[in-house]
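This briefing concerns a predicted model, and the points below are grouped by topic.

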Amino acid sequence: MNTLLQRGKAIKLAVFDVDGVLTDGRLYFLEDGSEFKTFNTLDGQGIKMLMNSGVTTAIISGRKTPVVERRAKNLGIPHLYQGREDKLVVLDELLAQLGLSYEEVAYLGDDLPDLPVIRRVGLGMAVANAAAFVREHAHGVTQARGGEGAAREFCELILQAQGNLEAANAHYL
């Protein structure tokens, strides 16, 4: 069996970075200092499907913006950590709270601050347009770019590994 699918079997928590993963990585600032981000609806649907299959989800982002809080709330993501640069420390806090181990975590990132988590968890992946060094050290790399369906691909990989993808899709037939 594919190594990524093997790693995906044990996943109980899927964690996402935001900028460059759930978005295309570009930052948009308006004249008044506010910012906006664009999110991909395919990614959102994948996250919902994953949660419906029983996998818990979380966002850990180094930046803090109200739009990410709104997106997490809209999707029903129960664990949101923003403005936290040391993502491994955040993950340790979350694992202690949930009673999970690193092997039960999947993480999708794109840049150097994500790398300690990517290297530590059971399934650590990078998006197609992640920094080369990050891609080199990830367990796998999505075919899609960040903000362009990479999170959906990641979610579907986990669903497939756990034998839940067909049922998740059939729900819509």
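How many nonpolar, polar and charged residues are there in the lining of the largest pocket? In this predicted model, the lining of that pocket divides by class into 8 charged, 4 polar and 1 nonpolar.

**The largest pocket**
- The largest pocket has a volume of about 170 Å³, and of the 13 residues that line this pocket, Asp-17, Asp-19, Lys-87, Asp-110 and Pro-113 are the closest to its centre.

**Asp-19**
- Asp-19, which is found in the loop between β1 (13-16) and β2 (28-29), has a relative accessible area of 12% and is therefore buried, since that value falls under the 20% cut-off.
- The side chain of Asp-19 takes part in a polar contact of 2.6 Å with the side chain of Lys-37, and in another, of 3.4 Å, with the side chain of Arg-63.
- When neighbours within four places in sequence are left aside, the residues in contact with Asp-19 are Gly-25, Leu-27, Lys-37, Arg-63 and Asp-110.

**The largest nonpolar core**
- The largest nonpolar core has 56 residues, of which Leu-13, Phe-16, Leu-91, Leu-123, Phe-154 and Ile-158 touch the most other members.
- Helix α7 (residues 150-161) supplies the largest share of this core, with 8 residues.
- Not counting residues up to four places away in sequence, Leu-91 touches Leu-13, Val-15, Ile-60, Tyr-102, Val-105, Val-117 and Val-121.
- As general background, nonpolar side chains tend to be buried together in soluble globular proteins.

Technical notes
Residues numbered from 1 in each chain as written. Predicted model: local features only at pLDDT ≥ 70, side-chain atom pairs only at ≥ 80, totals over all residues. Heavy atoms only, no water. Helix = DSSP H or I, 4+ residues; strand = E, 2+ residues; numbered from the N terminus. Buried < 20%, exposed > 50% of the residue type's maximum accessible area, 1.4 Å probe, protein only. Polar contact = N/O pair within 3.5 Å; in protein donor to acceptor, adjacent residues only side chain to side chain. Contact = heavy atoms within 4.5 Å. Core = buried A, V, L, I, M, F, W, Y, C linked by side-chain atoms within 4.5 Å. 1 Å grid on protein atoms, 1.4 Å probe; cavity = no way out; pocket = protein on both sides within 12 Å on 5 of 7 lines; lining within 4 Å. Points joined across faces, edges and corners; volume = space filled by probe spheres on them. Nonpolar A, V, L, I, M, F, W, Y, C, P; charged D, E, K, R; others polar.
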